[in-house]
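Colleague: I would like to go through the contacts in this model and the rules behind them. Please set each value against its definition.

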Amino acid sequence: MKRQTRKVLDRSFTGLGFFSIFFLAASLVVVLAPIFARGINAFIFKGTSEFRRLNYEEFGRGDKQKLAEEMDKIRLYREPLARMLKDFTRQVRDESFPGSTQYAGDVKVLNDLFKMLLGPGESEPVMMRARYGQTRWDGAQKVLQSILYKEEWDYSKAGKMGKKILKPRSEIYKGTSLEKFFPEMEKNLDKLLLPRLTFYWQFLTDSSRDSHFFGGIGAEVLGTFYLVLLTMVFAIPLGVIAAIYLAEFAHQGKIVSLLRVFISTLSGVPSIVFGLFGLAFFINTVKVSQSKSVLAGSLTLALVVLPTIIRAAEEAIKAVPNAYKEAALSLGASKFRTVMSIILPSALPGILTGIVISMGRAAGETAPIIFTAAVSVGKPLTLIETLTQPSPALSWNIYNLVTEHEAVEQIRHVQFGMVFTLVLLVLVLNLGAILLRARIAKKLRG
Amino acid sequence: MMRIKNIGKKRNAERVEPDQVGDGVHIYSRDFSVFYQHVEAVKKVKLDIPRGQVTAIIGPSGCGKSTFLRALNRMNDLIPGCTTKGRLLFENEDIYGPFVDPVLLRKRIGMVFQKPNPFPKSIFDNVAFGPRLNRFLSKNELYAVVEKSLKDAALWDEVKDRLHANALGLSGGQQQRLCIARVLAVDPEILLMDEPTSALDPRATSKIEELIRQLRGRYTIIIVTHNMQQAARVSDLTAFFYEGELIEFSPTEQLFTKPREKKTEEYITGRFG
C-alpha cells in the first residue's frame, strides 16, 4: 500500500471514531438536557400561597402566623371577586333573569375553575385534590387562561376535524355584572396567589397526597432504594461465589463452557419474561409472599442482574496476575485462602464495577417488577414491611403515571421529577463506581 | 515455633527404606519424569540434593530445569495435563504420594520466582502473609517474625521506616528480596529459586547473590539460573540439564573446570545454548 493511501485511511478511521464518539455524546445531551431542564421544575418553581397552605396543613412545615397574614392579604382581593361570581350565579339561577339559559352552564364551569385556581374557600371538599387551589404558578396561569377564554369547537366544516376556538369570556359576559370580573382576575392573579420562588427539596422525601396531585415521591424513592438494596443482598453473594467457582475451582471442560453459554443467554432474556417467571415461581409456587412484595421483586431483579455480576466478577478474577496466585500458593496458602486474601482483593475494582452497573440496572428495570413488586400508590415502607408489602418504585411509576393517571397533564412536573431523580440516581451510582474503582486501583498499584 | 514434621497425612504413605537414601540427602529423585500431556519435559532424572548446600541447575532454555524445580513443591499441579512418573522423595517421603497435602508441602519447600511478585499490599502484610496463614500470632510476635525475616533477607534497613507502604513501590531488587523475606517468614527447609535475578540489574543481582551465600547452611537452596557465572559464584554443586535429561551433576568447581561430559563442556564454553 502506498504511503499516501495509508495516511488517508488512517485519517478517515480517526475521523470516523471521533464522529461516533461525538454522536454518542450529542445524543446523550439531546436526551438528558430536556429531562434535567424539566425535571428540575419539580424541585425549584414558583410556589403559590396555596402551596404554602398545603405544606403547613399536610406536612406541618412553615409558620402559622405568617400563613395567616398571607391569607388575610389574599382575602382582600379574593372576596370581592368571589362575591361578584356568587351574585351573578344567584342571578342566573333565577329563571326570570334575561340571560339565564345562556349563562347557566358556563357559570357552573366558571365556579369550578375559580375554586380550582384559588382553593375551595369556605367549603370542605371530600376529595383531597379539591381542597387546594393551584400550588404552582405555572399551573395557576394555565387555569387563568381557561377562565379568561372559553374553549369552543367548530365542527362546521363537514368531513374535517373540529377546530378549537378560544373565545374571550369578557366578550361573552359583556353587559352583565360579571364583565369586570375577568380583567380583575388577570390583573390581580399574583396578588391572589402570591407566587414566590420555592426550593422544594422535600419532593424527594414527601409521600404523595391524592395520587401525586400534591406532595413528593418519597414512597417511590424509598421503594426503589429497597428494591436495589435487597436485590444486591441476593445477587452479590450468589454472583461472586459463582464467578469464583467458574474462574478458579471448576474443571474447565465442556460443562463449564455450557454453563457460561447459559449465563450469557440468561442476560439476553427479555426482562418481562423474568417478571412473569418471578410471578409464577416466587409468588405462585414458592409463595415468598401472599401477593406482590418488594421481596419477590428483589428476588426477580436479582435473577436479572446475576449474569452481569457473574460475568464482570469472573473477568475481574481472571485478570488477576497469575503471579499473585502462584506466590500465595507457594507460601502454603490453601486455594480457598488464596482466593479470599489475594485474588478477591485484587479483583475488587472489577467486581465493584459489575455490582454498580447492576445497581443502576436494578433501579431502572420496569418489566420485572410489574407483576412482582410495584403498585401505583402506596405509603413509604419500613424494612420489615418490604418482606410482605408491595411498594411504588420510580421506574414503574414513571410508566404508570403516563399511562394510567387520570390527570397526567396537571402533574407533568411530578413525572419529570421522577425521571430526573431516576436518571440522577443512576448517574451518581456510576460516578461513585468510577471513583471507588480508581481509588482501589490506586491503592493496589502502590 | 512448631514445625510440621510430616508432609500431610502419613497414613499408608509410600516410604523408602532409610538405607536407600544416603545421609544428608534432602531431595532424592530416581527415574523422575514430568510430562506435559504426552511430552516428556523432564526425563528420568536421578539426583541427590544435599542438605544445607546451594545447588545450581543450569542448562539452555527449554531444557526442563524450571519444570524440575517447580515439580519439587508441586507448583506444576496448577498446570492442567501435567503428570509425573518415578520417585521424588523429600525427607524419605514421596512428594507425589497419594496422601501428601501440597499445601503443607509448600510450607516446607518455599519458592522464589523469576519476576518479583509481591502482593499489592503493604511490605508488612507481604511478609506476614505466610505466618498469618495457620498460626495465630500476637501483634508483637508477628512483628518479631517480620523483622527477623526482613533482616535475614537483608532488607530491614531499607524498609524499616515504611513497613506499611505498598510493596509495589519498592525497586525491582528490593521487591525480590521482599519475596525472599516472605518465603523465609514461613520458615521453610528448602528454598527453590527460579532464575531469581534474571529481571534485575547487576547491583541488585549481586545483593541477591550475597544473600544466597548468607543463607547457605541454614536452608537447602536450589537455584535455577541462566547465568553460568552466577552458578559458579553462589553454588556448591551444579547440575546440568539438557533436553530434559540430567547430563552431569558435580561439585561446581569441578563442573566448570573439568567437566566429565562432552555436552557439559560444549555448553559451558558457549558452543550452544
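Modeller: A salt bridge is a side-chain nitrogen of Lys or Arg within 4 Å of a carboxyl oxygen of Asp or Glu. This is a predicted model: local features need pLDDT of at least 70, side-chain atom pairs count only at pLDDT 80 or more, and totals for chains, interfaces and linings use all residues. Side-chain values use heavy atoms, without hydrogens and water.

Colleague: Why is the pair Arg70(B) and Glu326(A) called a salt bridge?

Modeller: The closest N and O atoms of Arg70(B) and Glu326(A) are 2.6 Å apart. The limit is 4 Å, so the pair qualifies. The rule finds 1 salt bridge across the interface of chain A and chain B.

Colleague: What makes Glu326(A) stand out in the area buried between the chains?

Modeller: Buried area is the accessible area (1.4 Å probe) that two parts lose on being put together, summed over both. For chain A and chain B this is about 1800 Å², with 66% from carbon and sulfur atoms. In chain A, Glu326(A), Ser330(A) and Leu331(A) lose the most, together 33% of what that side buries.

Colleague: How many residues are in contact between chain A and chain B?

Modeller: Contact means heavy atoms within 4.5 Å. By that rule, 19 residues of chain A meet 24 residues of chain B.

Colleague: What makes Arg129(A) and Glu406(A) a salt bridge?

Modeller: Their N to O distance is 3.2 Å. Across the interface of domain 1 and domain 2 of chain A, the rule finds 1 salt bridge.

How values were computed. Residues are numbered from 1 along each chain as its sequence is written. Chains are lettered from A and ligands numbered from 1 in the order in which they are written.
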